[in-house]
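Morning, everyone. Here is the structure for today. Have a look before I start.

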Amino acid sequence: MGKIRLLPDALASQVAAGEVVERPASVVKELVENSLDAGAGSIEVRAQRGGIALIRVLDDGCGMNRDDALMCVERHATSKIRSKEDLAAIATLGFRGEALPSIASVSKFRLATREPGALHGTEILINGGKMTSVADCGEPPGTQIEVRSLFFNIPARRKFLRSENTEFSHLEQVVRVQAIAHPGVRVALVHNERVVFQLPATADPRERIRGLAGADLAGRLLQIPPLTRDGVTVSGFIGPPGMSRSDRRHQLSFLNGRPVEAAMLTYALREGYHTALMKGQYPVTFLFLETDPRAVDVNVHPAKREVRFHDGNAVRDAVIAAVSATLSGEMRRPVTGVGWDVEKKAAPSPSAAVSGEQPDLIPQAEQHALRRDWSDFSPSPAPANIPASDSTGLSPPPNPVESDAQPSPVEPDPGTVAPKAEDFRLLGVLGKLYVLLEGREGLVLMDQHAAHERVLFEEMRRRMETGGVPSQALLVPLTIELSPRDFDLASRNLETLAKLGLSAEPFGGNTLKVDALPTFLKSDDPETFFGAVLDELRGASDRMSKMRLGEDMVATTVCRHAVKANDPLHPAELEKLLRDLLVCEMPYCCPHGRPTLIQIGYAELERKFGRRV
Ligand code: ADP
Ligand code: MG
């Protein structure tokens, strides 16, 4: 007798469960997807002890008759596809027919379902993959699935579960993400008998985001004007320049209603933000993509997280165009909209996520945990008497009282006029770095270094586009001996360097002769400048365009030559700087995505001084 056997069904399901069911959150994901596919108008998720003890998902969808109820827990049983053609054009969230049998094989499983109009429903009990009971039941129309004691029969898997809090925060994230993808469905989440959130159905996605992420964040999101291009429609909401996070948890993308991840989308968002995003940070996005289901392969990953676009370039270009159009619309808005919101490596706080007291996609504590570490970009550290901005006491309070007190721009409004230098009165300079201005809405602080960087950057970019940055010939050409790799890099990019005002040519071996430098570089240290340019070249990826590469080099190098902290400027110079800044395309952040202007509005001052509660 041969050694090869077919696995018994229950065992095969457990093996499949290894791919589909990783933790309570993955069970919830599959069950909620099923409810959505069943056309539910309301979905309620209940969990006990992080979902390890119990998960119950209740919907008011189409339900199943007894035959289907028996069938749905069989492996590879699905109502969603029938043929190869169907697989190529999937319009439902599920299609693999694997979730229910997999889940039932690793838990104590109860299914109760009833079609609307049926006299009674069906209840099925399965214990670790073995069906123990099938009976009539009197549940309301719809489907209810209970999953108890996950992995009770696979101790090795159970051991890998994390703490209840951690498991719950994953589970909660799954429900939030699905809730955002489907605002038209009422969604409730209850943990340990406590309501975490309860979101009424709405036609307005922003309303749904508000219910989850709070009015403050939702109010500041910019709406992407829907854009259709090459069969891809892009819509949604994105954070304004200056709103960013240290991880990707708030960078959500949906394709035809399915939450998706794709490296290409991350790349496209980054490109779309370009200099409006700080290096190493991720934007806050709620991106909705619609395509013909035939244009995408969702059958790439057992948990259906990843997708593969047939024409990835078209999707990428559409996303870049939509994001940059949205941001450039925003750029001409008055300074009142400036609310800087950068999360710096704040540890995720599961307790905040679990408490549920603040229905908030991004726990408030993290939202305001921001504030930059000045020393990491200012070449000369800020004087000790300038406290870091989170200890100034001027940063927003951890719990903004009400959003009416906050300047909260809603949609980009083309009618608003851009702020002009005349709208501000110069008050003075704080700590040789922060220029204090009186604006219409309150106090405005300008970081003179960051502002100058932005002004220089845009000027250089304009010149690069129109024939190049003026350069100045060196009296004595500079010869620089490079490593073979750097030499190769530099030689391949001589044209880009020339646009930057840096003229160089090979000079035998790995030596480069530099005979002209950009005029803005008051040539005090050409070698360091060249070093910075090389660093940028090294870091650049091959697919980066020449223009973009040039821009990045400009961004890095202007930083070193912009007005520094501690460089005293005359009032007239400060005024010119402000004037130049305000005519920039993107005045509110430096080329590295850091803020140039911060506003502390009257409303906030009033709160601080107790004039208003
Ligand atoms: P898939 O979703 O890939 O088809 P599942 O194992 O998740 O596979 O579900 C099997 C089938 O059970 C589905 O195709 C659907 O017909 C039925 N089903 C599952 N959940 C529900 C539900 N909540 N309401 C109605 N039918 C459901
Ligand atoms: Mg399914």
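Predicted model: local features only at pLDDT ≥ 70, side-chain atom pairs only at ≥ 80, totals over all residues.

Residues are numbered from 1 along each chain as written, chains are lettered from A and ligands numbered from 1 in written order, and side-chain values use heavy atoms, without hydrogens and water.

So, what surrounds ligand 1? The shell has 21 residues, with N34, T78, S79, K80 and G97 the closest. A residue is in if one of its heavy atoms lies within 4 Å.

Now polar contacts, meaning N or O pairs within 3.5 Å. T78 puts a polar side-chain atom 2.5 Å from a ligand 1 oxygen. For N34, again through a polar side-chain atom, the distance to a ligand 1 oxygen is 2.8 Å. R96 uses a backbone N or O atom, 2.9 Å from an oxygen of ligand 1.

Alone, ligand 1 exposes 530 Å², and the protein buries 94% of that. Areas are Shrake-Rupley, 1.4 Å probe.

Which element gives the most to this shell? That is α5, with three residues. Helices here are DSSP runs of H or I, at least four residues; strands are E, at least two.

On to the sheet. Three strands form an open sheet, ordered β22-β24-β23, with antiparallel pairing. Pairing takes at least two DSSP bridges. The edges are β22 (471-481) and β23 (503-506). Four bridges join β23 to β24, residues 511-518. There, S503 faces A516 of β24.

Technical notes. Polar contact = N/O pair within 3.5 Å; in protein donor to acceptor, adjacent residues only side chain to side chain.
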